[in-house]
Amino acid sequence: MSVKDPSYVTIFDTTLRDGEQSPGATMTSQEKMQVAVALGRLGVDVIEAGFAAASPDDLEAVRAIAATVGQRSGKEFTPSGEPPAICSLARASRGDIEKAWAGVKEARRPRIHTFIATSDIHLEHKLRMSRADVLAKVTDMVGFARSLCPDVEFSAEDSGRSDPEYLIQVLEKAILAGATTLNIPDTVGYTTPEEYGALFARLRRDTPGADQVVFSCHCHNDLGLATANSLAAARNGARQIEVAVNGIGERAGNASMEEVVMALQTRQQHFGLRTGVDSSQIMRVSKLVSACTGIQVQPNKAVVGANAFAHEAGIHQDGMLKHHLTYEIMRPEHVGAAKTKLVLGKHSGRHAVKVRLAELGYALNDADLDKAFMRFKALADKKKTITDADLEALVADEIYQPVELWHLLGLQVACGTMGLPTATVRLRGPSGDVVTQAALGTGPVDAVYKAIDEVVQAQCELLEFTVQSITQGIDALGEVTVRVRAAGTGTGAVNPQYETEEPRTLHGHGADTDIIVASAKAYLAALNKLLAQRGEAASDQADGFASHENKKAAAPKGKKPAKTPARVAAEEEGE
């Protein structure tokens with residue numbers, strides 16, 4: 001990570017901060033911790049754990065990651081044996097910087113990342129500040145951050161559209177105030193590789209004190225150029241690249257971690273640069289982030305897409321059979337996508353499942369392994385062969401789920417061309433009481449969701465419902481993902497760029513050979529996240545069914561129930 005090694009590129013991962021700003025990508029504290037642990041094992045150098053000033057929950061999540069992932073030493077935790085730096089974003093204000101420091105100070109290598117916009121567009125329309133005001137603010141706030149933390153990163157937001165001469169003045173002030181890393185973000189994905197690379201060359205040449213700091217790039221993908229721009233910056237002296245797993249992030253996303261890392265690794269002779277990332281962990285981390293955020297990876301996504309190592313054309317298959325280099329520039333095992341010859345089925349034991357999960361990168365404790373194995377045996381009774389994709393879906397569905405305030409105990413539906421679709425659900429509430437509720441709908445999923453709404457009474461809007469097959473075949477697992485948005489105000493977190501508070505979009509996922517059951521699991525997972533975010537634990541719904549009955553009795557007669565996600569689910573496919 002040192003400036004002294006000119007060939008080393010620091011990988012700064014912002015999946016937990018900028019990546020989580022993707023619509024619907026909100027993660028629970030538990031999920032953030034799981035991703036942070038995985039990023040540590042992957043070998044990223046810096047983990048931007050969040051925006052601590054966004055909400056008390058965000059601050060606590062940053063603090064927890066700093067106190068655990070940011071403290072652990074040893075090869076079992078990171079490839080280098082040293083913990084990653086733990087970073088929190090902060091606007092250029094004392095309050096934000098103080099909260100950032102409170103979040104990261106327990107890490108062995110804490111970092112504060114503060115920013116302010118420098119383009120005339122932002123100065124006039126967003127900040128309403130003069131250039132001189134911004135220069136003074138940079139001096140004050142970078143200096144304040146450095147008084148708390150020895151490692152300070154300064155970002156000049158919207159650098160790609162800033163006046164280079166003014167940008168040089170800003171960066172000089174940041175260096176004099178104590179910044180150790182200077183980030184030059186292409187905030188809106190506007191620049192081209194030639195322009196962005198030339199900007200880095202100029203800033204490194206003309207900024208006084210440039211040789212004392214690390215230059216960093218942060219690229220957005222609005223024009224599909226984030227990876228290309230990041231690599232252009234690296235060729236022109238950037239020695240930190242800011243990335244996100246699967247390229248998630250604001251709008252069209254960030255530079256993709258897997259693309260940047262594998263480009264530098266595969267074309268090492270061309271770039272002459274290296275990273276500390278263990279690329280064999282990439283596929284597992286990609287799938288974990290997809291499971292935790294609910295954002296599916298497109299099949300043709302570079303490096304981690306389902307088709308990244310698939311060959312269907314006859315001439316390609318012929319070439320691959322003769323030699324893999326004919327049509328593959330990197331091997332599946334280089335990114336952890338190697339296939340296994342171990343076949344799992346109903347006669348496989350706990351140890352075989354444990355070994356295969358370990359090979360896939362899942363280090364489960366005994367309790368979690370027991371849960372996963374029970375689901376494995378249940379699935380093995382329905383399927384002849386259990387694939388790696390099945391195992392990963394089971395782990396995501398059984399282990400990587402929010403704390404269950406409401407748990408699905410049973411479900412029955414009746415549907416078809418005759419009569420009205422009907423669903424009966426049996427749920428266990430926060431107090432342990434069991435509630436049974438029936439409802440009619442336009443289809444089986446709509447009926448299930450209406451029955452759940454009648455019990456849980458969570459006011460929200462269903463934004464998205466998707467279902468896909470995990471593997472091929474009539475007995476394949478079905479995976480359902482839903483997104484819901486909380487009704488009302490005051491339930492969101494502050495967006496650091498837009499400085500607005502909006503209700504968070506939450507996701508839930510479920511997997512089962514019965515897609516109606518998977519749909520119910522996914523919806524309950526999203527509602528459990530919503531209730532946990534609101535703080536509605538047992539105190540608000542401790543009476544279980546009695547509370548449910550009281551709410552119905554208190555409703556004015558003749559008044560229609562509030563609009564719930566079930567109304568939207570009526571538009572589901574095939575119903």
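Analyst: Happy to! Let me start where helix 8 stops: the helix is followed by G237, whose phi is positive, near 110 degrees. Do keep in mind that this is a predicted model.

User: What makes helix 8 mostly covered?

Analyst: Helix 8 spans residues 226-235, and eight of its ten residues are buried. Those buried residues are A226, T227, N229, S230, L231, A232, A233 and A234. The cover over them includes strand 6, helix 7 (193-206) and strand 7 (214-219). Strand 8 (240-243), helix 9 (257-266) and helix 10 (268-271) are also among the covering elements.

User: Is C217 buried or exposed, and which label does C460 get?

Analyst: Buried means under 20% relative accessible area. C217 has 0% relative accessibility, so C217 counts as buried. C460 has a relative accessible area of 4%, and therefore C460 is buried too. Across the 575 residues of the chain, 54% count as buried.

User: Why is R128 called exposed?

Analyst: The label exposed asks for over 50%. R128 has a relative accessible area of 69%, so R128 is exposed. R128 sits in the loop between helix 4 (120-127) and helix 5 (131-148). Its phi is near 55 degrees, a positive value in a residue other than glycine.

User: What label does T466 get, and what does T466 touch?

Analyst: T466 has 32% relative accessibility, so T466 counts as partly exposed. This residue lies in strand 12. Leaving out residues up to four places away in sequence, T466 touches E479, V480 and T481. With T481, the C-alpha to C-alpha distance is 5.3 Å at 15 residues apart in sequence.

User: Why does G178 count as buried, and where in the chain is G178?

Analyst: At 12% relative accessibility G178 is under the 20% cut-off, so G178 counts as buried. G178 is found in the loop between helix 6 (164-177) and strand 6 (181-186). Not counting residues up to four places away in sequence, G178 touches V142, R146 and V152. P150, 28 residues apart from G178 in sequence, is 8.5 Å away in space, C-alpha to C-alpha.

User: Why is V395 called buried?

Analyst: V395 has a relative accessible area of 1%, so V395 is buried. V395 has its place in helix 15 (residues 388-398). The C-alpha atoms of V395 and A511 are 9.8 Å apart, while the two residues are 116 residues apart along the chain.

User: How many cavities of 30 Å³ or more are there, and what makes up the lining of the largest cavity?

Analyst: The count comes to three cavities of 30 Å³ or more. About 60 Å³ of space lies in the largest cavity. Its lining consists of V37, G40, R41, V69, R72, E76, F77, T78, P83 and P84. Those lining residues divide into five nonpolar, two polar and three charged.

User: Finally, what can you say about confidence, and where does pLDDT stay under 50?

Analyst: The chain averages a pLDDT of 86, and 86% of the residues score at least 70. Over residues 536-575 pLDDT stays under 50, and there the model has 63 contacts beyond four places in sequence.

User: And what about the chain as a whole, how many helices and strands are there?

Analyst: The chain has 20 helices and 16 strands. Of the contacts in the chain with a separation of 6 or more, 69% come from residues 24 or more positions apart.

How values were computed:
Residues numbered from 1 in each chain as written. Predicted model: local features only at pLDDT ≥ 70, side-chain atom pairs only at ≥ 80, totals over all residues. Heavy atoms only, no water. Buried < 20%, exposed > 50% of the residue type's maximum accessible area, 1.4 Å probe, protein only. 1 Å grid on protein atoms, 1.4 Å probe; cavity = no way out; pocket = protein on both sides within 12 Å on 5 of 7 lines; lining within 4 Å. Points joined across faces, edges and corners; volume = space filled by probe spheres on them. Nonpolar A, V, L, I, M, F, W, Y, C, P; charged D, E, K, R; others polar. pLDDT = per-residue confidence, 0-100. Contact = heavy atoms within 4.5 Å. Helix = DSSP H or I, 4+ residues; strand = E, 2+ residues; numbered from the N terminus.
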